[in-house]
Amino acid sequence: MEVITAALHERDAYTRFHCDRVTRLAQALGRACGLSGRELTTLHLGAVFHDIGKIGVPDHVLLKPGRLTAEEWTLMKAHPEQGERIFRSAALECADEVSPIIRHHHESFDGSGYPDGLRGECIPLPCRILLVADGYDAMATARSYHRARSHDEVMQIMASEQGTKLDPDVLLEFTRLTRSRGWAALH
């Protein structure tokens, strides 16, 4: 586990700190959604390593300051499958539970996500939770291709994705969570 963690942290500073923030958000949201202790542990590991597949994405794609070309987008969209393979190759006891979270963290509620086009409740709940946490952090922090958005801006965007990209029930719990605990305390 330490070797995989070190590899992720060496990839780039943004990915390291993004995974840390996403893990905190996913854990809080997982508790709000009623996950069991075991499910929270699995979600924790899935969140920590959800972007491990970006190790295989070339720098010119991962760090590109502008829009990706179709070819570059194909390379970027391969990171969940690459991440699943990397995590499974570590031969950890938890691989069967954690690997699907890594693989499916970009599946959309309406089936338009990737890599497998899963939809609705066919997407495991931890993946639907992780998608909300990951999306929130990605929009709320500055990246090479966009500025950091305010909490209100992010929540408006996420509300527009309810039922298409995001599970409406999970988003409702996230909205309640950010109102009750304050988004800054979670992020």
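Tutor: Start with the whole chain. Of the contacts in the protein with a separation of 6 or more, 61% are between residues 24 or more positions apart; contact means heavy atoms within 4.5 Å. This is a predicted model, where local features need pLDDT of at least 70, side-chain atom pairs count only at pLDDT 80 or more, and totals for chains, interfaces and linings use all residues. Residues are numbered from 1 along each chain as its sequence is written, and side-chain values use heavy atoms, with hydrogens and water left out.

The secondary structure comes to eleven helices and zero strands. These are DSSP runs numbered from the N terminus: helices are H or I with at least four residues, strands are E with at least two. From the N terminus on, every element in the order is α: α-α-α-α-α-α-α-α-α-α-α. The protein has 187 residues, and 48% of them are buried. Buried means under 20% relative accessible area, exposed means over 50%, and partly exposed lies in between, for a 1.4 Å probe and protein chains only.

Now helix 7, residues 95-103. Its buried residues are Ala95, Val98, Ser99, Ile101, Ile102 and Arg103. Their cover includes helix 3, helix 6 (79-89) and helix 8.

Take the packing on helix 3 (residues 37-48): the two axes come within 8 Å and cross at roughly 50 degrees. The axes are lines fitted to C-alpha atoms, for helices over the stretch in contact, and angles run from 0 to 180 degrees between N-to-C directions. Helix 3 and helix 7 are therefore oblique to each other. Under 35 degrees would count as roughly parallel, over 145 as roughly antiparallel, 65 to 115 as roughly perpendicular, and the rest is oblique. The crossing is right-handed: the near helix is turned clockwise from the far one by less than a right angle.

Which residues meet? From helix 3 come Arg38, Thr42, Leu43, Leu45 and Gly46; from helix 7 come Glu97, Val98, Ile101 and Ile102. This contact divides into five nonpolar, two polar and two charged residues. Here Ala, Val, Leu, Ile, Met, Phe, Trp, Tyr, Cys and Pro count as nonpolar, Asp, Glu, Lys and Arg as charged, and the others, Gly among them, as polar.

Ala26 sits in helix 2 (residues 13-32) and is buried at a relative accessible area of 0%. Not counting residues up to four places away in sequence, Ala26 touches Leu43, Ala47, Ile129, Leu130 and Ala133. Ala26 and Leu40 are 14 residues apart along the chain, with their C-alpha atoms separated by 8.8 Å.

Past helix 7 comes the loop to helix 8, where Ser108 lies. Ser108 is buried, with a relative accessible area of 7%. Leaving aside neighbours within four places in sequence, Ser108 contacts Gly113, Leu118, Arg119, Ile123, Leu131, Thr164 and Lys165.

Beyond helix 8 (125-140), the loop to helix 9 (151-160) holds His146. His146 is buried at 17%. With residues up to four places away set aside, His146 touches Ala138, Met139 and Thr141. His146 and Gly66 are 80 residues apart in sequence, yet 8.5 Å apart in space, C-alpha to C-alpha.

Last, the cysteines. Cys19 is buried at 1% relative accessibility; Cys33 is partly exposed at 23%. The whole structure has zero disulfides, a disulfide being a pair of cysteine sulfur atoms within 2.5 Å.
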